[in-house]
Amino acid sequence: QRRVHGMSLKSISMGPIIVLVIFLAASAVEAYQTNGPVSYASHSANPSIIKDEVFIAKENGTQVEWRHIVLKGNNTQIGMAQAEIAQRDYGVKSLKIYADPVYGKARQTYMERNYPMMGERMKGIAMAYGLSPDNASFDTNTLPYDMVSLACSIIYFPPHTTANGHAITSRNLEWYMVPMDLYLNRTENANGNGTSTRNFLLEIYPDKGYSTLAIGTSDLNIVIDGLNSVGLGISLLVDEGMEPVLKMPLSGDRNSGIMSAQ
């Protein structure tokens with residue numbers, strides 16, 4: 001956790017794929033030391049945003065951006081804060097639409113019964129976009145940007161196998177570092193952000209539920225790796241056996257519960 005501030009992601013070409021490897025990037029650290037972190041928290045009127053700063057920017061040869069976000073408050077306030085950051089810093093100007101409001105209502109019912117903290121965050125996201133908290137037409141469960149499908153691998157080292165007696169997880173994330181429109185052949189001249197190039201380290205301190213430290217990319221309401229205050233850790237992987245599920249759009253459409261990436 002302490003070393004994340006000194007880490008970046010760099011692409012290594014391996015045939016038809018790009019492997020993203022976490023490592024110490026001297027140029028990124030140099031950029032940080034030269035320019036310092038860029039803070040946006042002072043520009044926000046939302047008191048739940050304790051920190052929102054870029055500590056590794058895409059400059060001086062680095063290929064990715066790392067943002068450190070710290071949110072504290074009730075879950076509705078945290079959801080609103082996530083949406084405000086998505087709008088301001090990631091250009092998420094609108095939300096995906098459900099194929100029919102019945103799916104949005106079903107998702108709300110599911111969250112109320114099974115994941116009430118997320119249900120409260122969804123209300124905050126709705127409010128940030130000027131929607132009613134019980135809106136069922138727009139998907140307030142996701143905040144996607146630079147969205148892609150992912151492929152990845154992890155290695156878990158139990159405490160008894162490590163020199164310091166602590167559990168260690170190592171992961172890599174494989175994807176093409178080009179804009180999604182280019183990957184989908186929608187255009188040959190895409191100038192947007194490459195996929196998985198705007199990443200974040202997120203700390204959440206809710207009044208209900210567990211405090212959480214998470215690393216994510218491409219959606220501010222989904223994590224790639226996370227650890228909560230009671231020691232439960234998760235890592236997001238792709239199971240090609242879930243192909244029918246993975247063909248479902250990640251936002252809106254007919255999603256009605258916790259999505260596969262959550």
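## Ground rules

Because the model is predicted, local features need pLDDT of at least 70 and side-chain atom pairs count only at pLDDT 80 or more, while totals for chains, interfaces and linings use all residues. Residues are numbered from 1 along each chain as its sequence is written, and side-chain values use heavy atoms, with hydrogens and water left out.

## Salt bridges

Searching the whole structure turns up 8 salt bridges (a side-chain nitrogen of Lys or Arg within 4 Å of a carboxyl oxygen of Asp or Glu). One of them pairs Arg171 with Asp225, with 2.6 Å from N to O. That pair ties together distant parts of the chain: Arg171 sits in strand E7 (residues 168–174) and Asp225 in strand E10 (residues 225–228), 54 residues apart. Strands (E, at least two residues) and helices (H or I, at least four) are DSSP runs, numbered from the N terminus. Both partners are tucked away: Arg171 counts as buried at 13% relative accessibility, and Asp225 counts as buried at 14%. As for the cut-offs, buried means under 20% relative accessible area, exposed over 50%, and partly exposed in between (1.4 Å probe, protein chains only).

Now for a pair within one helix. Lys123 and Glu120 meet through their side chains in a salt bridge, 3.3 Å from N to O. They are 3 residues apart in helix H4 (residues 116–128), so about one helical turn separates them. Lys123 is partly exposed at 33% relative accessibility, and Glu120 is partly exposed too, at 31%.

## A network of charges

Which residues are linked in a network of salt bridges? The members are Asp52, Glu65, Arg67, Arg88 and Asp89. Within this group, Arg88 and Asp89 form a salt bridge whose closest N and O atoms are 3.2 Å apart. Asp89 is buried, with a relative accessible area of 13%, whereas Arg88 is partly exposed at 35%.

## A nonpolar patch

On the surface, Tyr210, Val230, Leu232 and Ile234 make up a nonpolar patch with about 420 Å² of accessible area together. Patches are built from residues with over 30% relative accessible area and no salt bridge; like charges are joined within 9 Å, and nonpolar side chains (Val, Leu, Ile, Met, Phe, Trp, Tyr) within 5 Å. The areas themselves come from the Shrake-Rupley method with a 1.4 Å probe, and for residues only the protein chains shown count as cover.

Is Leu232 buried or exposed? Leu232 is exposed, with a relative accessible area of 55%.

## Where H2 meets H4

Helix H2 (residues 75–90) and H4 have axes that come within 6 Å and cross at roughly 45 degrees. The axes are lines fitted to C-alpha atoms, for helices over the stretch in contact, and angles run from 0 to 180 degrees between N-to-C directions. H2 and H4 are therefore oblique to each other; angles under 35 degrees count as roughly parallel, over 145 as roughly antiparallel, 65 to 115 as roughly perpendicular and the rest as oblique.

The H2–H4 crossing is right-handed: the near helix is turned clockwise from the far one by less than a right angle, with anticlockwise being left-handed.

## Buried residues and their partners

Back in helix H2 we find Ala86, which is buried at 0% relative accessibility. Its C-alpha atom is 8.5 Å from that of Asp219, 133 residues apart along the chain.

Leu202 belongs to strand E8 (residues 198–206) and is buried at 4% relative accessibility. The C-alpha atoms of Leu202 and Val70 are separated by 5.9 Å, with the two residues 132 apart along the chain. Ala214, in strand E9 (residues 212–217), is buried at 4% relative accessibility. Between the C-alpha atoms of Ala214 and Asn228, 14 residues apart along the chain, there are 8.4 Å.
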